[in-house]
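Me: I want to go through this model and ask what lies behind each label. Please set the values against the cut-offs.

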Amino acid sequence: MNETSPNCEYCPECDNLLRYHKNAEGKAEQICFCGHCEPCKNQHYPLNLKEEEKICNQSSFTQKMELMHLTKLEKSLITRILTHPSYHQLDPDAEDYRPLDFLGDAVLDLIVREQQLNKNPRKAVVKRNHLVSNAYLAQIFNQMDLIVAVRKRPNYELNTHDKGSIIEGFFGSYYQSFGLSGCKKLWNRMNFNLKGIPR
C-alpha cells in the first residue's frame, strides 16, 4: 500500500491526479484535470481519456488510497484511522480513530465553510451542511472501498456516523502531517476524483 501505482502521477501545482488524453496530433499526453490551476484552467472537457484513467478509477481500496494520496500517511496512522472503537473488545490497547475524528471534523468544517463562502455566500450554510454531513462523508467512504480495511468486532455493521467519522479521521491525521493546505488538496481530490456522489 506504500508504493504508488506507476500509472498515477500528480500535478506539481495543485497535487491532483494527471490524466491522459489525445492532443490535436493524436498523441497521448498528460494534463491536470482539476479545472482551476494554471496547467489546466484553459482545457476543455470532457477529453478522450486513455486506459490509465480506468486503472486509477478502479473500485480498489489500495488504488483509491493512492489516488487520494492517503498512502503518504504513516502506516500506523492509517491503521488507527481504520480502527473502530468496537475493536477494543478484541484488543483493549488498540488506538482508534476518535481523537483524529474530533480534529478532522473541525478542519473539514473550516475548509468547506471557506470554499462555500467564496463560491456562493447566500447558499453557503445549506451547502456546507450537506458537504460535512455524515451522509455525504459516508458516500465518500463507500466510494473508496474502505470497508475492506476497517478493524471492528465481528458482526458489527458500520453505520453512517461511523463511516463519516473515519473520513474525518483521515482529515485529522492529514492536518497533523501536512497542515491545512494539505487537507484542502485532499478535499479537492475526494470531490474531483470520486464519481457518482451528488454535490
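Me: What makes Phe-141 and Leu-158 residues that Ile-147 touches?
Reply: Contact means heavy atoms within 4.5 Å. Ile-147 touches Phe-141 and Leu-158, with residues up to four places away in sequence not counted. This is a predicted model, where local features need pLDDT of at least 70 and side-chain atom pairs count only at pLDDT 80 or more, while totals for chains, interfaces and linings use all residues. Residues are numbered from 1 along each chain as its sequence is written, and side-chain values use heavy atoms, with hydrogens and water left out.

Me: Why is Ile-147 called partly exposed?
Reply: Buried means under 20% relative accessible area, exposed over 50%, and partly exposed in between (1.4 Å probe, protein chains only). Ile-147 has a relative accessible area of 43%, so it is partly exposed. Ile-147 lies in the loop between α6 and α7. Helices here are DSSP runs (H or I, at least four residues), as are strands (E, at least two), numbered from the N terminus.

Me: How far apart are Ile-147 and Phe-61 in sequence and in space?
Reply: They are 86 residues apart in sequence and 8.6 Å apart in space, C-alpha to C-alpha.

Me: Which residues of α6 are buried?
Reply: In helix α6 (residues 134–143), they are Tyr-136, Leu-137, Ala-138, Ile-140 and Phe-141. Just after α6, Asp-145 takes a positive phi of about 60°.

Me: How many aromatic pairs are there?
Reply: Rings of Phe, Tyr and Trp (its six-membered ring) pair if their centres lie within 6.5 Å; planes under 30 degrees apart count as stacked, over 60 as edge-to-face and the rest as tilted. By this rule the count is three.

Me: Why is the pair of Tyr-174 and Phe-178 called tilted?
Reply: The ring centres are 4.7 Å apart, within the pairing limit, and the planes stand at 55°, so the pair of Tyr-174 and Phe-178 is tilted. Both residues lie in helix α7 (residues 160–193), four residues apart, about one turn of the helix. Tyr-174 counts as buried at 2% relative accessibility, whereas Phe-178 is partly exposed at 34%. Ring pairs also link Tyr-136, Phe-171 and Trp-187 into a cluster.

Me: What makes a set of residues a nonpolar core?
Reply: The members are buried Ala, Val, Leu, Ile, Met, Phe, Trp, Tyr and Cys residues, joined through side-chain atoms within 4.5 Å. The largest such core has 36 residues; among those with the most contacts inside it are Leu-70, Ile-166 and Trp-187. The elements giving it two or more residues are α2 (61–67), α3 (75–81), α4 (98–119), α6 and α7. The largest share, nine residues, comes from α7. Leaving aside neighbours within four places in sequence, Ile-166 is in contact with residues including Ile-81, Tyr-97 and Val-150.

Me: Why is Asp-96 called buried?
Reply: Asp-96 has 5% relative accessibility, so it falls under the cut-off for buried. Its place is in the loop between α3 and α4.

Me: What makes the link between Asp-96 and His-88 a polar contact?
Reply: A polar contact is a pair of N or O atoms within 3.5 Å; within protein, one must be able to donate a hydrogen and the other to accept it, and residues adjacent in sequence count only if both atoms are side-chain atoms. The side chains of Asp-96 and His-88 are joined at 3.2 Å.
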